[in-house]
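Open the model in your viewer and keep the selection panel at hand. The tour goes stop by stop, with something to select at each.

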4 protein chains.
Amino acid sequence: MIIMMKYGAAQEEITAVIERIEEEGFKTHVSAGEQRTIIGIVGSDVQRLYGDFAGMIERFPGVEQTIPISKKYKLSSREFHPQNTVVDVGGGVLVGGEELVVMAGPCSVENEAQLLETAFAVKAAGAKILRGGAFKPRTSPYQFRGLGREGLKLLAKAREETGLRVITEVMAVEDVEAVAQYSDILQIGARNMQNFQLLEACGLANKPILLKRGLSATIEEWLLAAEYILATGNGQLILCERGIRTFETYTRNTMDISAIPIIHKISHLPIIADPSHGTGKWYLVSPLALASVAAGADGLIIEVHPNPDHALSDGPQSLTCENFAKLMPQVSWVAAAVGRAVDDSHEADDRFSSSKPISTVGLG
Amino acid sequence: MIIMMKYGAAQEEITAVIERIEEEGFKTHVSAGEQRTIIGIVGSDVQRLYGDFAGMIERFPGVEQTIPISKKYKLSSREFHPQNTVVDVGGGVLVGGEELVVMAGPCSVENEAQLLETAFAVKAAGAKILRGGAFKPRTSPYQFRGLGREGLKLLAKAREETGLRVITEVMAVEDVEAVAQYSDILQIGARNMQNFQLLEACGLANKPILLKRGLSATIEEWLLAAEYILATGNGQLILCERGIRTFETYTRNTMDISAIPIIHKISHLPIIADPSHGTGKWYLVSPLALASVAAGADGLIIEVHPNPDHALSDGPQSLTCENFAKLMPQVSWVAAAVGRAVDDSHEADDRFSSSKPISTVGLG
Amino acid sequence: MIIMMKYGAAQEEITAVIERIEEEGFKTHVSAGEQRTIIGIVGSDVQRLYGDFAGMIERFPGVEQTIPISKKYKLSSREFHPQNTVVDVGGGVLVGGEELVVMAGPCSVENEAQLLETAFAVKAAGAKILRGGAFKPRTSPYQFRGLGREGLKLLAKAREETGLRVITEVMAVEDVEAVAQYSDILQIGARNMQNFQLLEACGLANKPILLKRGLSATIEEWLLAAEYILATGNGQLILCERGIRTFETYTRNTMDISAIPIIHKISHLPIIADPSHGTGKWYLVSPLALASVAAGADGLIIEVHPNPDHALSDGPQSLTCENFAKLMPQVSWVAAAVGRAVDDSHEADDRFSSSKPISTVGLG
Amino acid sequence: MIIMMKYGAAQEEITAVIERIEEEGFKTHVSAGEQRTIIGIVGSDVQRLYGDFAGMIERFPGVEQTIPISKKYKLSSREFHPQNTVVDVGGGVLVGGEELVVMAGPCSVENEAQLLETAFAVKAAGAKILRGGAFKPRTSPYQFRGLGREGLKLLAKAREETGLRVITEVMAVEDVEAVAQYSDILQIGARNMQNFQLLEACGLANKPILLKRGLSATIEEWLLAAEYILATGNGQLILCERGIRTFETYTRNTMDISAIPIIHKISHLPIIADPSHGTGKWYLVSPLALASVAAGADGLIIEVHPNPDHALSDGPQSLTCENFAKLMPQVSWVAAAVGRAVDDSHEADDRFSSSKPISTVGLG
């Protein structure tokens, strides 16, 4: 951290600042310029001075401004950990490796038939992981709020029958154990990105975690939330961009596609994209899914419902199984165009046979 | 809700929409205009069709758009409850009544001496309620996170010694009982505004609640969060504007002062303002506090620390006890200018004796 | 437009509203429901009632809300004009047709050598249109502001020597004629999206126009700005997404990639993407360019500088000629993956010969 | 400006950066820390390196980040000019002095009768300056766009008859001369805040200027726009906060009341508030006007229309003459409560006689 004094700050003002810093256990490096004095703070855990301490120093007479010169996050930083993190979610499925991984399924688990029909359909189209909400956050108390633990059991059953891995959201500390018992990945939703107790409880559950970006979270705040999880010793963390809140009202959120290459640059964690929540409209899901892949996403999470006209939640943004099956070969082609593969060793079905996966034509 | 069909929608498209609505148990009212057909939905709990159902209907062939024509919230609406709600927080202190109520105290409870010194100082200046964080949400895991239950006990002690009422934040369902035991008001923070389990757990605790607006919550979403609490049967709810996230970087948040008169217009719930979090800088706290009062706020919540240069949290935005004592008479004068009183029957202290409260000069 | 009366609005309140509407020359259609009365307004140019008139009607006693039920824009709407607009910018270059069109060149025209070197390089890599600023909008008066008319002449010279088409920004009504004389496309910048005099002056110049989205413009406002141009009778209009202002500070703007498929859905106008201004950082330009193509963009506009370390403007976001040459084959591959072609009939150069354009492998 | 090198940057990387800076004519000050090297740039016009040059330096190998350590604006900065600027708009009216100044009048000048009726009414209530639009920026081409030069003449006539000063918006360089001829203050609207040609043309007209904040302008960008005007040598500049664009949709804009004390802290320029455009709804105008005054605004600009139900523009946000007359004494009381006077030496009328201006009771 650097502290800029005002033009003509008095010597006793400079001394007061230095003493306050040393009181905190840090050393200083003073550079008295022609115009102003600049005080540098030296120490390995200077992160703990950012925020409150820095702002407080700005209250001292003669101080113009404090300037952070190292990042606020550490464990999630690529500077700290140069190699890509690859998260093994079991069943041979790796997130953040060579292959793009697609997670798909209904917004809410509604009943066994709905879940199994969707699970088989998304598997046939190439998804590796089944998504499905058992606990649902709803902005209004007048909406369907999920089957709860019953939903978890149905997900486990679908895993058994299809061989897909399973991901579901956990909304409360008291549910972490149950979700960890049934699900392969613990999903932390956008509204809970700064629910710090939940972050830590999930971290300690020793399971892969998917952390969605908060609706109004900067990338720095997102990585600081990741820091809470990584600080528990659990490094199996996947980030998920799902749209941020802006003034635009046509879409529910604005997907920040640039977050994908930015995260790859500044962090070692894998990042996937959620175009379903990111747009809120089914007809925008495919273009934004392809855009995310083109920008380098390590995977996608997509809402699919066999009958969106009767979905209990998020019908407007769910793809039908048919539309999802049409999207998947395009995903493969775009992935190949940017040097990424999609494993399509699944058993083909009729809807899929006409596609000629680009990964066979030797591009990239 | 109204459903606008496209120009030239076919009769079978219209029929399909009507059947889907009737399937849900609602009646329709069809108006076939020259240019397009409009379908109205009739029923008292049409709120449950907003969001998912409405979006899903927009998937039907021939549908142009759905338009909600009643509000999504109900219990928090002034249409539903025309009289102002006045929340009795005990000790003769009413929020939402004639008198403006000021809550003040340190961001974090740090130790007994700090808390008591602050409590006596804010009482002397005219505050009625002591604020102080025992559980602290922190964006970074490298920051001080509060004394926890120890902090609650210190708050209770300060109440005993000063006679002030007490407010503190509850961050997790498992802490609701403990906080309710020690605190007169349960505060739900901005980051938890859509932590729906927490909203309900607090609602059921049968205590007055203060619900802060989320960083990126619209007023409608805020009232829908209030709805979760009101739906538990607990009507003792106070709203608190604390700034929203915008592109401006000079301040941590942008206080939406217009939310104060808007809430008074569309809801019966009292609303107070938090200029400390709303601005993040101590020198902006007083102007924004006065602005909030001028705009009609029912109260203020302000961070005060006897020694902000050594505060464990939020030092940058805390007023000193002296600055708080200087602010309070100005609050009284502005309150009087807009026809509102501040009770200043507290014992005066030296810092305060020079002020001549406007409430005695018969304005308004 | 629909007017919702309040519950229990009096008959004379309803009558007053109807009379005010009829005074404006429109007919009404009244639907008296059990709970409230709804008044519909009938007429072909109801657009002129939106905004002020609608807001004014909300002042009438007994009125709850007015609801627009047709779009505010008309000429730019796909409903009004179902076929895609294809803009012919001369020299056989069409924007909005089968082929993706790439515009590239320096932020500012600095001198003849710089411009020609860049022009030949971008042509060799596959660009069809040369961009270059002669008049530069700068947020600070202390920055380089362009060569002005001298720059226009250099652009014309570069066109002559390379055969590329030329696009440059016009910032003021008094420069429209000069820019139209030298440039094939008139570019209207984000800061001028609502400079209505400029919109009309450009419209009347009878040249193809590129209209960038304003920094904080909704899609609706953008199409209303387009409306100003189309209303002059000039239909040769291309839209350009260049990022919007959000709370995220890592990037200068947040590119709203979803605007691309949205514009394709609701408008007939072609839309291209500007990842250089959309991100402000050169290392994000390629991923966002590819994302835009994957989402269906009709073209790209990219800043390229032979020596960004000495660029007089926008150095941070400019690609080198080498990086641009590496990007172009990837653009072709992603375009092919989503069924779009890029014409690469240009003469190859060394940097390009190793790439195997996907358009030859028969995908899509 | 400070340049932080990466951990372990090579000596030749450091040298390359230093050479590039010296090439630009600046000296450097190198501080080789244990962990990283920091390069300071010394020179009085370092402002011209911000933005492009800084970003370009970040492209150099071994550079982590550049950090500006002096402000980007200069002439508008309080550091540069510690005394408050007081703008003399003629007729004895000063903006930025002891007294709060109120500007009021119709959104658009519609005809002589409407303008004169409003002018006399706002004068009677205590306004010193008449506002009225002759040239109107409209988001849609289907709306009323002002009387143009005819409107200017009516404003001049109203000035003659009432003795009020006059302010009106200028939208284009070619209209500056005409507006300067008829108006006492040139108003630059929010949409033109970065129309740099217009800023300079107005600056050169040698008239007081009112510069509104852009819809999505940061405070820094606003002061940089002010810099364009001040750099012409014209220091008679008033700033005006009129709301910024946020995600909230209840209001057209969100008034950033904190901008008022911030501008007072970092700049010497006076600042007034426009609650009419800042909220877009007439019933929010009075609370936000009072809030602005409580926060320290030097004045207000308010839309008043004798008959808002028939206003040609901005009817929804205009106060009636009666409501404006009710507001003015409250403005006086709040102003007095924060130590500010409002001159009310105007001839009283019936509506006003019951008020007892707080300025006589000796508060503060």
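pLDDT is the predictor's confidence in each residue, on a scale from 0 to 100. Chain A has a mean pLDDT of 88, and 93% of its residues reach 70 or more.

Some ground rules come before the first stop. This is a predicted model, in which local features need pLDDT of at least 70 and side-chain atom pairs count only at pLDDT 80 or more, while totals for chains, interfaces and linings use all residues. Residues are numbered from 1 along each chain as its sequence is written, and chains are lettered from A and ligands numbered from 1 in the order in which they are written.

**Stop 1: confidence**

Colour by pLDDT. For the complex, the predictor gives an ipTM of 0.88 and a pTM of 0.87. Now select residues 347-364 of chain A. Here pLDDT stays under 50. The model has 29 contacts beyond four places in sequence for this stretch. Two residues are in contact if their C-beta atoms, placed from the backbone, lie within 7 Å. Where pLDDT is low, the predicted coordinates should not be read in detail.

**Stop 2: the domains of chain A**

Select residues 2-67 of chain A, then 87-360. These are domain 1 and domain 2 in the domain assignment. Such bounds come from an automatic or database domain assignment. How far apart do the C-alpha centres of the two domains lie? They lie 45 Å apart.

**Stop 3: the sheet of chain D**

Show chain D as a cartoon. Helices (H or I, at least four residues) and strands (E, at least two) are DSSP runs, numbered from the N terminus. Two strands pair if DSSP finds at least two bridges between them.

Four strands of chain D form an open sheet in the order 2-3-1-4, with antiparallel pairing. Strand 2 (27-32) and strand 4 (63-67) of chain D are at the edges; each has a single partner strand, so one side of each has no neighbour in the sheet. From one strand to the next, the twist averages 20°. Angles run from 0 to 180 degrees between N-to-C directions, and axes are lines fitted to C-alpha atoms, for helices over the stretch in contact.

Zoom in on strand 1 (residues 2-5) and strand 3 (residues 37-42) of chain D. They pair in the antiparallel sense over three bridges. Pick D:Ile3: its bridge partner in strand 3 of chain D is D:Ile39.

**Stop 4: where chain A meets chain B**

Show chains A and B together. The contact takes 42 residues from chain A and 42 residues from chain B. On the chain A side, helix 2 (52-57), helix 6 (196-204) and helix 7 (219-230) each supply at least two residues. Helix 7 of chain A gives the most, with four residues. The chain A side divides into 16 nonpolar, 12 polar and 14 charged residues. Ala, Val, Leu, Ile, Met, Phe, Trp, Tyr, Cys and Pro count as nonpolar, Asp, Glu, Lys and Arg as charged, and the others, Gly among them, as polar.

Next, the symmetry. A rotation of 180° with 0.0 Å of shift along its axis superposes chain A on chain B, with an RMSD of 0.1 Å. That is the relation of a two-fold axis. Copies are superposed by least squares on the C-alpha atoms of residues with pLDDT of at least 70 in both. Select A:Ser216: of the residues of chain A, its C-alpha comes closest to the rotation axis, at 3.0 Å. The copies meet through the same surface, because 100% of the interface residues of chain A are also interface residues in chain B.

**Stop 5: where chain C meets chain A**

Chain C is superposed on chain A by a rotation of 180° with 0.0 Å of shift along its axis (RMSD 0.0 Å). End on C:Ala291, whose C-alpha is the nearest to the axis in chain C, 2.0 Å from it.
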